Amino acid sequence: MAKHDKIAVGVSTILNPVPVVMISSAGKDGRPNIMTAAWAGTVNSEPPMISVSIRKNRYSHKLISETGEFVVNLVSKSLCKACDYCGVRGGEKEDKFASCSLTPVKAEGLEYAYAIKEAPVSISCTVKSVTELGSHDMFIGEIKSITADSYLLDDKGKLCLENAKLVAYNHGEYYLLGEKLGFFGYSVAKEDVIKRRMGKDSKGKK
């Protein structure tokens with residue numbers, strides 16, 4: 001068969017890679033919890049909103065439904081093992097913050113939910129709507145605040161996420177984001193812009 005000859009591979013959640021995130025929340029009793037999610041994404045710009053899909057039987061589903069709050073914590077290389085652990089352990093009987101030696105900190109702009117101190121970026125959200133989809137319910141959260149580690153800001157105050165060593169999830173496996181291939185608009189950018197942004201021209205010459 002030729003390289004681009006197509007074969008049917010069935011119907012599944014094949015969209016990959018996707019961001020892997022740690023969703024932190026808490027009940028009204030103040031007890032914090034963490035779950036891992038790969039079904040998350042940006043859904044709106046103005047106001048900024050994020051979606052996260054969670055099974056009804058997950059403890060986090062109960063907590064988020066109770067308080068209407070959650071925090072999306074981005075996952076760095078150093079958090080990858082803890083992220084995986086929080087995806088395979090239930091939080092109803094276990095303090096996953098303690099199990100993973102992570103630190104809960106009150107999320108800016110929220111009443112109940114906690115953020116993960118060790119996460120490079122934490123995105124605090126309030127629930128705008130919930131849609132029942134089938135196996136999962138999709139929570140749409142409006143972003144109320146974002147906190148980032150200070151080392152991610154350059155001397156001009158620009159947030160440099162490329163320095164966070166973020167992790168992506170690809171077909172059941174975790175991958176560290178690596179080589180920069182371009183930037184938004186690079187396909188039509190002038191050579192001097194490409195060289196300034198990429199450190200080399202469109203032909204790969206430095």
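If we sort the lining of the largest pocket by class, we find 18 nonpolar, three polar and six charged residues. Please keep in mind, as I go on, that this is a predicted model. The largest pocket holds about 780 Å³ of space, and its lining is made up of 27 residues, among which Leu74, Leu161, Glu162, Leu166 and Leu177 lie nearest the centre. Which elements give two or more residues to this lining? They are β4, residues 40-44, then β6, residues 69-74, then β9, residues 121-132, and finally β11. The largest share comes from β4, which gives three residues to the lining of the largest pocket.

Let me turn to the second largest pocket, where about 430 Å³ of space lies. Its lining counts 20 residues, and those nearest its centre are Thr36, Ala37, Ala38, Trp39 and Tyr169. Here the elements that give two or more residues are β3 (32-37), β5 (49-55) and α2 (80-88). By class, the lining of the second largest pocket has nine nonpolar, eight polar and three charged residues.

Strand β11, which gives two or more residues to the lining of the largest pocket, belongs to an open sheet of three strands, in the order β1-β11-β12, and the pairing is antiparallel. The strands β1 (18-19) and β12 (173-176) stand at the edges with a single partner strand each, so one side of each has no neighbour in the sheet. Between β11, residues 167-170, and β12 there are four bridges, in the antiparallel sense. Tyr169, one of the residues nearest the centre of the second largest pocket, stands opposite Tyr174 in β12.

Now to the aromatic rings, of which the structure holds two pairs. One of them joins Phe183 and Tyr186, with 6.1 Å from centre to centre and 55° between the planes, and this pair is tilted. Are these two residues buried, or are they partly exposed? Phe183 has a relative accessibility of 9%, and because buried means under 20%, Phe183 counts as buried. Tyr186, at 41% relative accessibility, counts as partly exposed, because that value falls between the 20% and 50% cut-offs.

Methods: Residues are numbered from 1 along each chain as its sequence is written. This is a predicted model: local features need pLDDT of at least 70, side-chain atom pairs count only at pLDDT 80 or more; totals for chains, interfaces and linings use all residues. Side-chain values use heavy atoms; hydrogens and water are left out. Two strands pair if DSSP finds at least two bridges between them. Rings of Phe, Tyr and Trp (its six-membered ring) pair if their centres lie within 6.5 Å; planes under 30 degrees apart count as stacked, over 60 as edge-to-face and the rest as tilted. Buried means under 20% relative accessible area, exposed over 50%, partly exposed in between (1.4 Å probe, protein chains only). On a 1 Å grid over the protein atoms alone, a cavity is a set of points where a 1.4 Å probe fits but cannot get out, and a pocket is an open set with protein on both sides within 12 Å along at least five of seven lines; lining residues have an atom within 4 Å of a point. Grid points are joined across faces, edges and corners, and a volume is the space filled by probe spheres set on the points. Ala, Val, Leu, Ile, Met, Phe, Trp, Tyr, Cys and Pro count as nonpolar, Asp, Glu, Lys and Arg as charged, and the others, Gly among them, as polar.
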